[in-house]
Amino acid sequence: MRRELLTKLTVDEDNHEYLVKNYQEGGRFKLFGNVFFGKMGNMAKVNWWMVLFLLPVLAALIFMTYKAYDYATYTPFSANYGLGYPVISDNEEVYAGLIYNNNIFRALLLIPCIIIAFVGLAGAFNVIKYEALGYNTKVSKEFFKGIKNHFVPFMWLGLVNALLYLSLEFALNFYGNPDLHLAWKIVTIAVNVLALVFSLTVSFYAMTQEVMYSLPFGKLLKNSLHFTVSFVLQNLIIFVFSMVPVGLLFLLNSSMLVQMLIIMALAMVGVSYIVCVWTVYGHYVYNLIFSAVIEQNKPTKAKNKKKAKAK
């Protein structure tokens, strides 16, 4: 643990005592298993509520996918047989331009949809916080209570990540630009991917703190940035581990049976799995680091009290 990190963090001591009091000792993997597999019914309920908040994202993706399909099917960009009409001399360029516009419009359309999804995460993180602390929760009540109490910070986090996704979409579409050097294309995409991963990691720290502590949003973000840059390797491992449901989406081109199993799994516990991973990991980090911050500050407080008595 870096000692200088302890001097840079802001701690809500009252609520941290609540975490410490209810913190379940033992291995993190064991706790994750107890929460995720032991309370699978509640995990599914949380995920079903989250599906409602993800519907705008799914609708936007399906709509824009069919738009791209229409461009390829109903517009005469392929070679004509016999007499073709209308005649399009620059077929490939026109088609590439339409697909580019379609992809960018999709990213723009997804911005408000992603914000809505992040609002739903306020409820999911609130419920699973209590599950990780060993409480028997009323899922629906705590889900919407979490949204009511924390939706504003989650909206801002959603906006930032949506804009970074838009930037990544621009970078991916520039890859087909023949006037741009290949090295610049690769660098641009890599920078945007790293920026999005960094932002999501900061966001996961921020979301777990937001539902746990009463901290101003600025200090909460400051803490999250310090955690992100201080534990790079651990964060990367947890990030990859938590993104398993996203990785499963790349298998949807498999057989029909595999597709059905993946869709069922994601609909049941896909988002709950991600939230559970970061909640368990976040509580572990906060119990370890914030407790050390409080312990380090105790001698200073004692000295101040002695000085006050002397006066």
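Visitor: Which residues is Ser242 in contact with, leaving aside its neighbours within four places in sequence?

Guide: Ser242 is in contact with Tyr273, Ile274, Val277 and Trp278, once neighbours within four places in sequence are left aside. Contact means heavy atoms within 4.5 Å.

Visitor: Where do these values come from?

Guide: This is a predicted model, in which local features need pLDDT of at least 70 and side-chain atom pairs count only at pLDDT 80 or more, while totals for chains, interfaces and linings use all residues. Residues are numbered from 1 along each chain as its sequence is written, and side-chain values use heavy atoms, with hydrogens and water left out.

Visitor: Why is Ser242 called buried?

Guide: Its relative accessible area is 0%. Buried means under 20%, exposed means over 50%, and partly exposed lies in between (1.4 Å probe, protein chains only). Ser242 has 0%, so it counts as buried.

Visitor: What does the side chain of Ser242 reach?

Guide: It reaches the backbone oxygen of Phe239 at 2.8 Å. A polar contact is a pair of N or O atoms within 3.5 Å; within protein, one must be able to donate a hydrogen and the other to accept it, and residues adjacent in sequence count only if both atoms are side-chain atoms. The 2.8 Å of this pair is within that limit.

Visitor: Which element holds Ser242?

Guide: Ser242 lies in helix α9, residues 232-242. Helices (H or I, at least four residues) and strands (E, at least two) are DSSP runs, numbered from the N terminus.

Visitor: Where is Met243 found?

Guide: Met243 sits in the loop between α9 and α10 (244-248).

Visitor: Is Met243 buried or exposed?

Guide: Met243 has 18% relative accessibility, so it counts as buried. It touches Phe204 and Ile274, not counting residues up to four places away in sequence. Met243 and Val277 are 34 residues apart in sequence, and their C-alpha atoms are 9.6 Å apart in space.

Visitor: How many helices and strands does the protein chain have?

Guide: It has eleven helices and zero strands. Buried residues make up 42% of its 311 residues. The chain exposes about 17700 Å², with carbon and sulfur atoms supplying 68% of that. Accessible areas come from the Shrake-Rupley method with a 1.4 Å probe; for residues, only the protein chains shown count as cover.

Visitor: What makes something a pocket?

Guide: A 1 Å grid is laid over the protein atoms alone. A pocket is an open set of points with protein on both sides within 12 Å along at least five of seven lines; in a cavity, a 1.4 Å probe fits but cannot get out. Lining residues have an atom within 4 Å of a point. Grid points are joined across faces, edges and corners, and a volume is the space filled by probe spheres set on the points.

Visitor: What is the volume of the largest pocket?

Guide: About 1900 Å³. Of the 43 residues lining it, the closest to its centre are Leu54, Val57, Leu61, Val246 and Leu249. The largest share of the lining, eleven residues, comes from α4.

Visitor: How many nonpolar residues are in the lining of the largest pocket?

Guide: The lining has 36 nonpolar, six polar and one charged residues. Ala, Val, Leu, Ile, Met, Phe, Trp, Tyr, Cys and Pro count as nonpolar, Asp, Glu, Lys and Arg as charged, and the others, Gly among them, as polar.

Visitor: Why does Leu54 count as partly exposed?

Guide: Leu54 has 25% relative accessibility. That value falls between 20% and 50%, so Leu54 is partly exposed. Leu54 has its place in helix α4. It touches Ala117 and Val271, not counting residues up to four places away in sequence.

Visitor: Where is Met50, and why is it called buried?

Guide: Met50 is also in helix α4. Its relative accessible area is 1%, so it is buried. Leaving aside neighbours within four places in sequence, its contacts include Gly120, Leu121 and Phe143.

Visitor: How do you know that Ile128 is buried?

Guide: Ile128 lies in helix α5, and its relative accessible area is 0%.
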